[in-house]
Amino acid sequence: MLSVRNGAHAVDFYKSAFGATELFRIQAPDGAVVAQLGIGKTNFWVADESPEHSNFSPESLNGSTTRMVLVVDNPDAVFNHAVATGAQVVSAVTDQPYGWRVGRVADPFGHHWEIGKPINQG
């Protein structure tokens, strides 16, 4: 589960940037959100931070304790689309010596996403 500030905006960003689908959502009267999202065959959760339950966003921690790894067929296209929708480049997509083509972005809520795939070693 990714803890964020402004969960409703985070859900919208993940849908726009990564093509996530919203599978489940509850919203409190104060606007706080808990949502289950899916990207491809993988599901994950997003929720507004709740310090009273020891759930802090990267903004509160001044850094993240989580790095998401998104394996996709075309990492360059997904990476570029994420940047176009508001993610910040941490490292460009490049072929790595360990056999992956991968890059990393930080989303507007402070979470880092590695976007890549194994390189075919045909």
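Which residues does M1 touch, not counting residues up to four places away in sequence? M1 touches V34, W45, V46 and A47, where contact means heavy atoms within 4.5 Å. This is a predicted model, in which local features need pLDDT of at least 70 and side-chain atom pairs count only at pLDDT 80 or more, whereas totals for chains, interfaces and linings use all residues. Residues are numbered from 1 along each chain as its sequence is written, and side-chain values use heavy atoms, with hydrogens and water left out.

**First stop: the start of the chain**

Keep M1 selected; its place is in the segment before β1. Helices (H or I, at least four residues) and strands (E, at least two) are DSSP runs, numbered from the N terminus. M1 is exposed, with a relative accessible area of 62%; buried means under 20% relative accessible area, exposed over 50%, and partly exposed in between (1.4 Å probe, protein chains only).

Next, select S57, in the loop between β4 and α2 (58-61). S57 is buried, with 0% relative accessibility. Leaving out residues up to four places away in sequence, S57 touches S3, V4, R5 and E49.

**Second stop: the nonpolar core**

Select Y14, F18, F44, W113 and I115: of the 26 residues in the largest nonpolar core, these touch the most other members. Such a core is a set of buried Ala, Val, Leu, Ile, Met, Phe, Trp, Tyr and Cys residues joined through side-chain atoms within 4.5 Å. Elements that each supply at least two residues of this core include β1 (2-4), α1 (7-18), β3 (33-39), β4 (42-48) and α3 (75-84). The most comes from α1, with 6 residues.

Now centre the view on W113. Apart from neighbours within four places in sequence, W113 has contacts that include L2, Y14, F18, I39, F44, M68 and L70. Also among them are G103, R104, V105 and D107.

Display the open sheet of 4 strands, ordered β5-β8-β7-β6 with mixed pairing. Its edge strands, β5 and β6 (88-95), each pair on one side only. From one strand to the next, the twist averages 15°. Two strands pair if DSSP finds at least two bridges between them; β7 (residues 100-106) and β8 run antiparallel and are joined by 7 bridges.

Then show α3, which lies across β5, β6, β7 and β8 and runs at about 170° to β6. Here axes are lines fitted to C-alpha atoms, for helices over the stretch in contact, and angles run from 0 to 180 degrees between N-to-C directions.

**Last stop: charged pairs**

How many salt bridges are counted? The count comes to 6, a salt bridge being a side-chain nitrogen of Lys or Arg within 4 Å of a carboxyl oxygen of Asp or Glu.

Select R101 and D76, which form a salt bridge with the closest N and O atoms 2.8 Å apart. This pair links distant parts of the chain, with R101 in strand β7 and D76 in helix α3, 25 residues apart. R101 is partly exposed at 22% relative accessible area, and D76 is partly exposed at 27%. Elsewhere, salt bridges that share partners join K15, E22 and R25 into one network. E22 meets K15 at 3.2 Å, N to O, and R25 at 3.3 Å between the closest N and O atoms.
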